[in-house]
Amino acid sequence: MIKKVRPHQTQNEPLIFERSSPGKFGYQLPELDVPVVDPQTALGAANVRTEIPHFPEVSEVDVIRHYTRLSTWNYAIDLGLYPLGSCTMKYNPRVNEFVARLDGIAWAHPYQPQQLAQGALRIQHDLEMYLAEITGMDAVTLQPAAGAHGELTGILMIRAYLEAQGDARKTVLIPDSAHGTNPATAAMAGYEVKEIPSNARGLIDFAALEAAVDDSTAALMMTNPNTVGIFEEDIAKVAELLHSRGAQLYMDGANMNALVGWARPGDFGVDVMHLNLHKTFSTPHGGGGPGAGPVAVKEHLTPHLPLPRVVKDGETYTAITQAAGSIGRVRAFYGNFGVLVRALAYTLAHGGNGLKNATLDAVLNANYIRKGIEDLYHLPYESPAMHEVVFSDQRQTKQGIKTGDIAKRLIDYGFHPYTVSFPLIVHGALMIEPTETESRQELDLFIDAMRSIAAEAEADPELVRGAPHSTRTSRVNETQAARNPIVKWEPPASQ
Amino acid sequence: MLRSLGHSAPEGLFAHLPPESRLNRPLDIPDGISEYEIIDYFKARAAEGAVDYASFLGAGSYRHFRPVVVDSLVTRGEFLTSYTPYQAEISQGVLTAIFEFQTMVAQLTGMDVANASMYDGSTATPEAAMMAMRITRRDKLLVAGSLHPEYNEVLDTYLKHLEAPRQQVKYDRESGQLDLADLESQLDDQTAALIVQSPNFFGIIEQIDEIAERVHRHGALLIVMFTESVAMGIVKPPTAADIVAGELQSFAHPPSFGGPSCGVLAAKGKFIRQMPGRLAGETVDADGRRAFCLTLSTREQYIRRAKATSNICTNQALVALMGTIYMTVFGKAGLRELAEQNIAKARYLESVLRDKGAKLEFTGPYFNEFVVRPMQGAAADVNKRALAKNVVGGFELSGPLEGAMLVCATEMNRREEMDRFAEAF
């Protein structure tokens with residue numbers, strides 16, 4: 001039985017271009033307090049455009065109604081559990097939004113004199129210190145704009161470090177359970193990718209790794225806990241093996257929400273790692289970004305950190321823009337500063353103990369879900385789960401029901417789906433991460449929904465296969481979109 | 001809940017971690033503080049900034065008025081707290097908005113297709129360069145000497161290990177525009193692309209058609225980059241370009257110390273499969289109704305892994321939404337009037353600085369930024385005097401332009417502020 005939702009009306013709404021009428025407008029500008037200038041004279045006639053063809057012409061109320069209506073077609077963490085594994089969809093505290101919009105912060109210009117930017121520099125310095133303590137690393141850069149950008153920064157630092165020793169090496173090793181960004185990053189940094197298989201327990205196959213590491217190995221990129229939600233228990237041994245061959249250990253920190261306050265990558269041999277502030281540190285995902293992907297490193301990599309570097313001297317904060325050995329800038333200015341502000345607010349609100357408790361709740365919630373449905377869904381790995389748990393659709397496929405079908409049916413029950421068909425090492429994966437945000441009531445509703453869908457898969461597989469049934473948009477034809485790409489609106493031929 | 005899982009204490013959930021990997025002490029981070037104290041901390045940091053100063057800084061980060069409705073809409077939880085719209089059936093709101101964003105960026109830039117956003121302009125630029133290298137299967141890049149210097153550094157970081165030859169094309173010392181003869185002399189059949197910024201770092205509009213004709217004659221691609229999107233309201237779009245990379249921060253995001261902002265990447269339609277980043281596309285649902293979803297994802301890292309067009313995953317969706325709403329609010333007439341106001345303000349600033357004997361460094365047509373040299377003393381001296389009048393002056397230049405500064409006037413600079421700044425010259 002569906003307990004969490006019942007249908008309500010949503011407004012139809014055309015595209016903004018279809019709402020547009022010539023001559024309508026919703027903006028206001030003050031009267032010019034300086035002489036009017038003819039653009040043709042100022043720029044030269046050849047440089048002036050006639051108009052922006054088919055650009056919107058609507059009133060302010062049109063704008064409000066249009067985007068408000070659109071917003072109601074979205075699911076959101078503000079509406080309930082968002083169990084996307086590896087994505088860490090946790091509550092986004094509103095005080096973080098408030099402080100990021102304070103005038104002296106939001107309107108700070110990256111080139112204003114540093115004596116008038118002490119607050120902005122201190123925010124970065126304070127956050128760097130906290131992140132170094134949380135990760136057990138020696139230094140942090142806040143420059144990267146997202147996780148994948150952090151990966152590129154980290155791998156370029158490894159390249160610079162190895163180059164300084166005489167050989168950048170050729171290969172980056174990546175477990176087959178890794179996020180797609182890892183191999184894509186290694187390729188962008190000019191490395192060949194060699195895949196390392198996982199063993200029957202979902203962990204990195206140490207023997208295979210041992211056989212693969214040689215003098216051409218620059219680094220191993222691994223996620224810990226890995227994408228199956230399991231802590232890599234051989235991690236210290238892995239680090240030792242790599243270091244003995246002069247290679248580096250990169251950790252993808254996408255799953256750091258499982259470790260904060262309980263274990264530190266710096267203590268188990270990691271040389272460089274990134275964090276996703278839009279995951280572990282609660283900054284909003286905003287429909288796909290912005291994020292921030294700070295990179296933390298051990299001492300030996302600090303000369304290669306990107307620029308600028310914020311340093312504290314007495315009570316004064318300074319941004320250093322030149323340093324021999326640095327990989328250079330990875331982004332203009334100071335990274336996604338507004339995201340850093342929000343992450344620092346989250347850290348200050350929790351404090352050391354609060355962060356540790358949040359991790360505990362996240363792991364507890366994942367294990368509670370696991371226990372609640374493990375009799376109905378196939379659990380490919382028995383190893384203890386951390387902040388997320390991965391099932392497969394093995395039992396449901398007997399009725400022709402795949403993970404994607406179960407996911408779409410969850411929508412009818414009022415939940416966003418879990419992560420579908422990832423990690424790739426689990427065929428038909430259901431990857432579930434509840435985060436610490438969720439109450440027992442919400443988890444029980446989710447467990448109840450999953451159990452109910454398992455029963456439906458037996459009794460009425462068509463019902464599941466045709467889902468979702470209650471959304472304003474039924475199952476979307478993604479194949480057609482790719483076959484005949486239409487990626488912008490075109491005016492009707494008559495115009 | 002713990003007991004139902006067979007644990008008597010929280011530590012039980014972490015007991016399987018190898019002992020040497022566990023942290024056996026509390027984190028050295030102070031105890032949590034209340035909302036009131038958090039606001040206090042950030043108000044104190046904000047007060048250490050340049051509050052209540054007039055500012056003439058631009059140089060890639062611009063101050064423009066933000067209509068109130070932008071924040072009213074983007075702080076709706078359904079936009080703020082949703083994930084990347086992989087599950088199309090419950091993400092039609094954000095997907096529709098991305099489709100509108102792509103359309104408006106294409107209309108604005110004169111390109112056929114635009115993606116859902118990049119991190120910022122400085123990272124969109126090397127992505128555009130790598131895209132051009134894939135398309136042409138050539139590896140030499142020409143870069144205009146009038147590109148934003150920090151963008152140039154980012155380009156360096158992204159590309160130096162590829163050992164792709166990169167050469168700088170001079171700007172004409174008089175006009176501030178790209179030196180066409182120097183361009184001509186450096187183009188050859190190994191050239192993948194020319195990267196040129198317009199308006200360039202000095203605020204000057206480039207001769208895109210003349211440049212494109214030369215670049216295309218050698219089978220290379222033209223990448224046009226911009227940092228000041230407000231210029232697009234009036235300046236002829238770079239339709240002769242093959243790829244347009246840029247920065248949309250001016251459209252509704254405050255400078256925020258340089259980020260977040262919103263990178264854009266647009267291109268000719270035939271290059272769509274070489275584009276990095278997300279794309280929303282139109283399709284239908286099971287009942288035949290118009291619907292949108294992310295598409296052509298075989299370009300992307302989560303499908304193609306090491307062979308993807310880029311490693312980008314998270315982008316700047318919410319800032320792109322701000323930009324979409326901003327473009328909608330201003331619309332066809334508003335963006336033009338806004339651009340005209342910027343032109344007028346900058347011309348007024350120019351006139352009062354000239355009155356004080358300052359000289360413009362370049363003769364080329366500029367939009368809302370220009371390089372100016374004080375009659376006496378250096379830019380740094382002027383800026384120091386300006387600070388005493390609660391004015392943050394211009395961006396101090398170095399190298400051959402040492403002593404001059406890049407100043408920017410937008411619709412937010414009042415006449416009185418410009419007069420006050422002029423007094424410092």
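Is Glu456(A) buried or exposed? In this predicted model, Glu456(A) is buried, at a relative accessible area of 12%. Its salt-bridge partner is Arg409(A), with the closest N and O atoms 2.8 Å apart. Arg409(A) is also buried, and its relative accessible area is 6%. Both values fall under the 20% cut-off for burial. Arg409(A) belongs to helix 12 (residues 403–412) of chain A and Glu456(A) to helix 13 (residues 440–459) of chain A, so the bridge ties together parts 47 residues apart in sequence.

Further salt bridges occur within chain A and between the chains. The total over all chains is 53. Arg201(A) and Glu233(A) pair through their side chains at 3.0 Å, N to O. This pair links distant parts of the chain, 32 residues apart. Arg201(A) sits in the loop between strand 3 (192–196) and helix 9 (206–212) of chain A. Glu233(A) sits in the loop between strand 4 (217–223) and helix 10 (235–244) of chain A. Arg201(A) is partly exposed, with 41% relative accessibility. Glu233(A) is partly exposed as well, with 33%. Chain A also holds a network of salt bridges that links Glu13(A), Arg19(A), Lys24(A), Asp62(A) and Arg69(A).

The interface between the chains was examined next. The size of an interface is often given as the accessible area lost when the parts come together. For chain B and chain A, the buried area is about 15700 Å². Carbon and sulfur atoms give 65% of that area. Chain B contributes 182 residues to the contact, and chain A contributes 185. Nine salt bridges cross the interface. Residue pairs in polar contact across the interface number 85, with both residues at pLDDT 80 or more. On the side of chain B that touches chain A, helix 10 (residues 317–355) of chain B gives the most, with 26 residues. That side of chain B divides into 94 nonpolar, 46 polar and 42 charged residues.

Two of the bridges between the chains show the detail. Asp71(B) pairs with Arg101(A), and their closest N and O atoms are 2.9 Å apart. Asp71(B) lies in helix 2 (residues 68–74) of chain B, while Arg101(A) lies in the loop between helix 4 (94–100) and helix 5 (103–106) of chain A, so the pair joins two chains. Asp71(B) is buried, at 18% relative accessibility. Arg101(A) is partly exposed, with a relative accessible area of 25%. Glu340(B) is partly exposed, with a relative accessible area of 26%. Beyond four places in sequence, Glu340(B) touches Pro39(A) and Ile234(B). Ala231(B) is 109 residues from Glu340(B) in sequence, yet the C-alpha atoms of the two are 9.0 Å apart.

Nonpolar packing was considered next. In soluble globular proteins, nonpolar side chains tend to be buried together. The largest nonpolar core here has 196 residues. Leu209(A), Phe42(B), Leu349(B) and Phe421(B) touch the most other members. Helix 11 (residues 337–373) of chain A supplies the largest share of this core, 14 residues. A second, separate core has 87 residues, including Ile16(A), Leu80(B), Met104(B) and Ala231(B). Phe42(B) reaches across to chain A: leaving out residues up to four places away in sequence, its contacts are Val99(A), Leu102(A), Ile105(A), Ile123(A), Val341(A), Leu344(A), Ala345(A) and Leu348(A).

Thr125(B) lies in helix 5 (residues 121–136) of chain B. Thr125(B) is buried, with a relative accessible area of 0%. Apart from neighbours within four places in sequence, Thr125(B) contacts Tyr151(B), Leu155(B), Ile195(B), Met225(B) and Ala245(B). Ser177(A) is placed in the loop between strand 2 (171–175) and helix 8 (181–188) of chain A. Ser177(A) counts as buried, at 5% relative accessibility. Not counting residues up to four places away in sequence, Ser177(A) touches Ser198(A), Thr227(A), Phe422(A), Pro423(A) and Ile425(A).

Key. Residues are numbered from 1 along each chain as its sequence is written. Chains are lettered from A and ligands numbered from 1 in the order in which they are written. This is a predicted model: local features need pLDDT of at least 70, side-chain atom pairs count only at pLDDT 80 or more; totals for chains, interfaces and linings use all residues. Side-chain values use heavy atoms; hydrogens and water are left out. A nonpolar core is a set of buried Ala, Val, Leu, Ile, Met, Phe, Trp, Tyr and Cys residues joined through side-chain atoms within 4.5 Å. Buried means under 20% relative accessible area, exposed over 50%, partly exposed in between (1.4 Å probe, protein chains only). Helices (H or I, at least four residues) and strands (E, at least two) are DSSP runs, numbered from the N terminus. Contact means heavy atoms within 4.5 Å. Buried area is the accessible area (1.4 Å probe) that two parts lose on being put together, summed over both. A salt bridge is a side-chain nitrogen of Lys or Arg within 4 Å of a carboxyl oxygen of Asp or Glu. A polar contact is a pair of N or O atoms within 3.5 Å; within protein, one must be able to donate a hydrogen and the other to accept it, and residues adjacent in sequence count only if both atoms are side-chain atoms. Ala, Val, Leu, Ile, Met, Phe, Trp, Tyr, Cys and Pro count as nonpolar, Asp, Glu, Lys and Arg as charged, and the others, Gly among them, as polar.
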